[in-house]
Amino acid sequence: MSTLFETPYFGIAVTIAAYWVGVKVNKKTGLVICNNMLITVGLIIILLKVLHISYEAYYVGGSVINMLLGPATTCMAVSIYAKKDLLKRYWAPVLAGCLAGAVASIASVLVMCRIFGLDRAVLMSLLPKSVTTPIATAVAESHGGIVAITVAAVIVTGMLGNILAPTLIKVFRVKDPMAAGLGIGACSHAMGTAKAIEIGETEGAMSGLAIGMCGIITAILALFFDFLA
């Protein structure tokens, strides 16, 4: 049986099955807390703990799905291209919004780490939490961060954005779909963008654009991380 757990098919099958259950529960209940991503992660953790399966064994197959993150993110360019006329008209506000989002994310982490007295390694691990995983891990690793912490922070940030985005849009009465999309993408990368696409086409396109732009801005600001630390 242990041999089965270490095959790629196990990790792939478990991830797909858990996500299917998550989607079904989310549609059935309609509750924010029953987010499909949150349920998927919870089910996988419970299964690995109950069956005493190591994360390394699961990740043999999980890495195959993780590998698809890049192509899936790239596919968002289709929705962005569909809104190219909108981007040409409002390129300045879009750029300003992405810059504000990236700076706010970095500044909030910097302030909180200072308040709680966290060391430099943790600071560098958390600073790129709001950008997509490939960029975040590259930034953290190149500046002495702990990649495992960075990945966990990126996942938690994305899940919170996916869960809370619709509620926050209503609470703060954000009427402009461009503003809503940029805010979601700047704060919660691909996971948030998945929810933005569900909210609306414009929201999804702007959120996908924010992923790339905020990633670039964060990578540039990372050049100054050593001075901030």
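**Entry 1: the model.** I am working with a predicted model.

**Entry 2: largest pocket.** I looked up its volume first. The largest pocket holds about 1400 Å³ of space. I then checked what surrounds it, and found 37 lining residues. Met37, Val41, Asn66, Ile155 and Met191 are the closest to the centre of this pocket. Next I listed the elements that each give two or more residues to the lining: α2 (8-29), α3 (36-50), α4 (55-67), α5 (69-74), α11 (147-171) and α12 (177-199). Which element gives the largest share? I found that α3 does, with 8 residues. I also sorted the lining by class: 24 residues are nonpolar, 11 are polar and 2 are charged.

**Entry 3: second largest pocket.** Here I read off about 340 Å³ of space. The lining of this second pocket has 21 residues, and Ala165, Leu168, Gly183, Ile184 and Cys187 are the closest to its centre. I noted α8 (91-116), α11 and α12 as the elements that give two or more residues to this lining. By class, I have 12 nonpolar, 8 polar and 1 charged.

**Entry 4: surface patch.** I turned to the outside and found a nonpolar patch. Its members are Val32, Val156, Leu160, Leu164, Leu168, Val171, Phe172 and Val174. Together they have about 710 Å² of accessible area.

**Entry 5: Val156.** I picked one patch member to follow up. Val156 sits in helix α11. Why does Val156 count as partly exposed? Its relative accessibility is 48%, and partly exposed covers the range between under 20% for buried and over 50% for exposed.

Methods: Residues are numbered from 1 along each chain as its sequence is written. This is a predicted model: local features need pLDDT of at least 70, side-chain atom pairs count only at pLDDT 80 or more; totals for chains, interfaces and linings use all residues. Side-chain values use heavy atoms; hydrogens and water are left out. On a 1 Å grid over the protein atoms alone, a cavity is a set of points where a 1.4 Å probe fits but cannot get out, and a pocket is an open set with protein on both sides within 12 Å along at least five of seven lines; lining residues have an atom within 4 Å of a point. Grid points are joined across faces, edges and corners, and a volume is the space filled by probe spheres set on the points. Helices (H or I, at least four residues) and strands (E, at least two) are DSSP runs, numbered from the N terminus. Ala, Val, Leu, Ile, Met, Phe, Trp, Tyr, Cys and Pro count as nonpolar, Asp, Glu, Lys and Arg as charged, and the others, Gly among them, as polar. Patches are made of residues with over 30% relative accessible area and no salt bridge: like charges are joined within 9 Å, nonpolar side chains (Val, Leu, Ile, Met, Phe, Trp, Tyr) within 5 Å. Accessible areas come from the Shrake-Rupley method with a 1.4 Å probe; for residues, only the protein chains shown count as cover. A salt bridge is a side-chain nitrogen of Lys or Arg within 4 Å of a carboxyl oxygen of Asp or Glu. Buried means under 20% relative accessible area, exposed over 50%, partly exposed in between (1.4 Å probe, protein chains only).
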